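Thanks for coming, everyone. Let me put the model up on the screen, and then we can walk through it together.

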Amino acid sequence: MTQPDASRLRVLWAGWRKSYVSGEAQPEKSIQSSTASSIFEDIFSGKSNAGDNYVLYEGTSCAAILNKYPYVSGHILVLPKRAISDLEHLNDEENGELWEITNRAVKAITEAYAPDGINVGMNIGKAAGASIPEHLHVHCLPRWEGDTTFLTSIAEARMIPETLTSSFERLKEVWPAG
């Protein structure tokens, strides 16, 4: 793949991503420690304010949260509440609830955004692109024909047209009951 021509590269500023890109947003403790918890576990243990973390839905063993570093507006993460690095370590309850909540997330995205398509996927392990490899999570995000999410590939930039709070309120309003 050829690099973009620097003389034609447009810059779209996303200063709110600085702490993530620089590593400042990463937890200081390691998941490998028997007493440490993952950034996601902290949300559900009460160590972190769930409202500040855009929790859309909390089930018994899994939950849905808005991605704080989205690819597009409406980017939801569905995850077990405990740190599990891969699918094979989910128990039966977690496995069932993970996919049930993923289905709800897709329904909420469809209702809130009316996209042309939806990406549902996960990156298992650092080599696969997992940003938090010790805690499995499913990405659910709306897509449109001709959308701008390819800016990342061709222009090394992303454009998010609404705030996280706006995305959260929009999705929370249409979250499926059940």
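When I say helix or strand, I mean DSSP runs, numbered from the N terminus: H or I with at least four residues for helices, E with at least two for strands.

Before going further, a word on what we are looking at. This is a predicted model, where local features need pLDDT of at least 70, side-chain atom pairs count only at pLDDT 80 or more, and totals for chains, interfaces and linings use all residues. Residues are numbered from 1 along each chain as its sequence is written, and side-chain values use heavy atoms, with hydrogens and water left out.

Back to the backbone. Most residues other than glycine have a negative phi. Ala114, however, has a positive phi near 45 degrees. Tyr54 is another non-glycine residue with a positive phi, of about 55 degrees, and Tyr54 is placed in the loop between α2 (39-45) and β1. Are these two buried or exposed? Ala114 is exposed, because its relative accessible area is 56%, while Tyr54 counts as buried because its relative accessibility is 16%. The cut-offs are under 20% relative accessible area for buried, over 50% for exposed, and partly exposed in between, with a 1.4 Å probe and protein chains only.

Now to the strands. Strand β1 (residues 55-58) pairs with β2 in the antiparallel sense over 3 bridges, and a hairpin of 3 residues joins β1 to β2. Pairing here requires that DSSP finds at least two bridges between the strands. Val55 has Ile65 of β2 as its bridge partner. On to strand β3 (residues 76-80): β2 and β3 are also antiparallel, over 5 bridges, and Ala63 stands opposite Leu79 in β3.

How many residues of strand β2 (residues 62-66) are buried? The count is 5 of its 5 residues. Both faces are covered, with Cys62, Ala64 and Leu66 on one side and Ala63 and Ile65 on the other.

That takes us to the interior. In soluble globular proteins, nonpolar side chains tend to be buried together. In this model, the largest nonpolar core has 22 residues, and Ile76, Val78, Leu171 and Trp175 touch the most other members. A nonpolar core, by the way, is a set of buried Ala, Val, Leu, Ile, Met, Phe, Trp, Tyr and Cys residues joined through side-chain atoms within 4.5 Å. β2, β3, α3, β5 and α5 (164-174) each supply at least two residues of this core, and the largest share, 7 residues, comes from α3. A second, separate core of 9 residues includes Ile43, Phe44, Val55 and Ala63.

Please find Trp175 on the screen. Leaving out residues up to four places away in sequence, Trp175 touches several residues, including Leu56, Ala64, Ile76 and Arg104. Contact means heavy atoms within 4.5 Å.

One last stop is Ser167, which lies in helix α5. Ser167 is buried, because its relative accessible area is 2%. Setting aside neighbours within four places in sequence, Ser167 is in contact with Leu66, Ser73, Gly74, Tyr113 and Glu162. Leu66 brings us back to β2, where it is one of the buried residues.
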